[in-house]
Amino acid sequence: MTDLINLMNDLLWGSILVYLLVGVGIYFTVRLGFIQFRHFGHMFSVLKNSRKADKAGISSFQALCTSLAARVGTGNMAGVAVALTAGGPGAIFWMWLIAMLGMATSFAESTLAQLYKTKDDDGNYRGGPAYYMEKGLGMRWMGVLFSVFLIIAFGLVFNAVQANSIANAMHNAFGWDDTYVGIVVVLLSSVVIFGGIKRIARVAELIVPVMALAYLLLAMFVMVMNIDKLPAVLTLIFKSAFGLQEAAAGGLGYAIAQAMINGIKRGLFSNEAGMGSAPNAAASATPYPPHPASQGYVQMLGVFMDTIVICSATVAIILMSGEYVPHGEVTGIELTQTALSSQVGEWGGIFVAVAIFFFAFTSIIANYSYAETNLIFLEHNHKAGLGIFRIIVLGMVMFGAVASLPVVWALADVSMGLMAIVNLIAILLLSGIVIKLAKDYNRQLDEGKVPTFDSNDFPELKSQLEDGIWDQSKKD
């Protein structure tokens with residue numbers, strides 16, 4: 001079984017996905033006029049009024065926090081360490097690059113998710129790739145395929161990965177038994193996920209900003225303590241990315257390939273751009289400005305915050321500590337804890353354990369919300385199987401707490417890869433609509449207006465959109 005999983009990983013990540021992710025990222029970056037650089041400041045200005053929401057939706061800020069809750073977790077602390085040990089410091093360059101390109105991809109998928117959103121039986125907004133595959137492309141079978149991959153990836157496998165990192169961190173810091181840690185995580189998760197999507201959004205809104213800020217402040221402290229090492233660390237990353245370190249040793253091609261594959265793989269696991277996960281949160285929001293493209297800007301900011309800011313903080317902590325050993329045995333969350341402890345004392349390992357607990361816990365509940373939205377898609381907006389599904393999810397959380405790391409990570413990579421392929425094909429097929437929406441938004445912005453979506457301006461889309469959702473935008 002392990003050999004089969006590894007074979008699929010090599011096929012997906014060694015060839016197909018590396019080129020597809022980079023290619024789609026470049027395509028949307030060019031077609032959208034380098035939107036992630038040109039409108040970098042606008043991402044932040046959209047957040048000024050991001051607390052607004054109607055009865056059907058969560059606020060844009062809550063949608064950002066929910067997507068960050070899913071993004072900011074093991075990928076930022078354990079995943080960065082895994083990328084470093086497996087691919088060398090050069091992997092970090094490729095992680096940064098895929099994030100910059102991925103910002104444009106994220107804009108595209110989140111804008112589409114907003115456009116094609118629906119309401120569930122309780123009157124809450126729901127949407128995401130499965131919905132734009134059905135409504136925008138007229139391919140329900142494709143949406144079903146995506147939903148199944150997402151439910152396996154986010155509802156089951158990724159939650160096992162998050163629980164695995166929590167258990168490891170608590171064991172390393174306090175010597176706590178994995179089984180007891182798993183039971184506590186299951187109990188806390190059940191309280192939140194049985195409260196539905198709005199409770200999940202409220203918890204994410206409370207925890208994520210506080211923990212992210214605390215982690216960044218500690219990373220800044222470590223950087224200031226080691227400011228003299230910063231030029232050497234940056235030089236190491238860039239030299240390793242292009243194989244300059246290994247050229248003399250004759251391992252140039254292999255070194256670059258390993259850096260690229262590990263950097264892109266772990267970068268995607270962390271920021272999820274193009275994977276089709278964050279659009280599920282974006283679709284749940286009441287957008288302001290009231291235009292689908294506004295959620296594209298919000299989720300672009302999420303990719304930037306996750307990889308360029310938070311992942312880089314972990315890189316600084318590890319590479320400045322002197323604890324990093326290429327292809328060393330100490331990896332994952334243990335390496336991050338050891339690195340921080342060497343800088344600030346024993347409490348550094350405890351801090352990482354607490355941070356990973358909160359980051360990974362919020363990831364579990366956000367991942368569940370994505371899976372719930374896709375289960376509702378499969379059930380045609382009915383929620384008959386939700387109770388059973390919630391119990392299965394909690395079972396996977398318990399399994400992850402006591403399972404071995406390599407098998408869980410490998411499963412996560414396969415399910416994530418299959419999901420991403422289906423989603424990337426869909427957003428390429430719908431790219432014309434993304435371009436039109438971006439132009440409409442920016443035209444209104446240039447005219448000094450608050451960009452507002454009017455479905456009458458897009459007669460070709462009116463038959464595809466859910467009745468009553470976008471008709472309100474001109475009245476509000």
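Leaving aside residues up to four places away in sequence, Phe107 touches Leu32, Ile35, Ala293, Gly296, Tyr297, Met300, Val434 and Ala438, where contact means heavy atoms within 4.5 Å. This is a predicted model, in which local features need pLDDT of at least 70 and side-chain atom pairs count only at pLDDT 80 or more, while totals for chains, interfaces and linings use all residues. Residues are numbered from 1 along each chain as its sequence is written, and side-chain values use heavy atoms, with hydrogens and water left out.

Phe107 is also, with Tyr116 and Tyr132, among the residues with the most contacts inside the largest nonpolar core, which has 158 residues. Helix α16 gives the most to this core, with 18 residues. Such a core is a set of buried Ala, Val, Leu, Ile, Met, Phe, Trp, Tyr and Cys residues joined through side-chain atoms within 4.5 Å; buried means under 20% relative accessible area, exposed over 50% and partly exposed in between (1.4 Å probe, protein chains only).

## Helix α9 against α16

Helices here are DSSP runs (H or I, at least four residues), numbered from the N terminus. The axes of α9 (residues 178–193) and α16 (residues 347–378) are 10 Å apart, and the two helices pack at an angle of about 45 degrees. Axes are lines fitted to C-alpha atoms over the stretch in contact, and angles run from 0 to 180 degrees between N-to-C directions. The pair is therefore oblique, a class left after roughly parallel (under 35 degrees), roughly antiparallel (over 145) and roughly perpendicular (65 to 115).

From α9, Val185, Leu188, Ser189, Val192 and Ile193 meet Phe357, Phe361, Ile364, Ile365 and Tyr368 of α16. These residues comprise nine nonpolar, one polar and no charged. Nonpolar covers Ala, Val, Leu, Ile, Met, Phe, Trp, Tyr, Cys and Pro, charged covers Asp, Glu, Lys and Arg, and the others, Gly among them, are polar.

## Helix α9 against α17

Helix α17 (residues 386–402) crosses α9 at roughly 155 degrees, with the axes coming within 8 Å. The two helices are therefore roughly antiparallel.

On the α9 side, the contact includes Asp178, Gly182 and Val186, and on the α17 side it includes Arg390, Leu394 and Val402. By class, this contact has nine nonpolar, four polar and two charged residues.

## Asp457

Asp457 lies in the segment after α19 (431–446). Because its relative accessibility is 46%, Asp457 counts as partly exposed. Between Asp457 and Asp440 the C-alpha to C-alpha distance is 9.2 Å, at a sequence separation of 17 residues.
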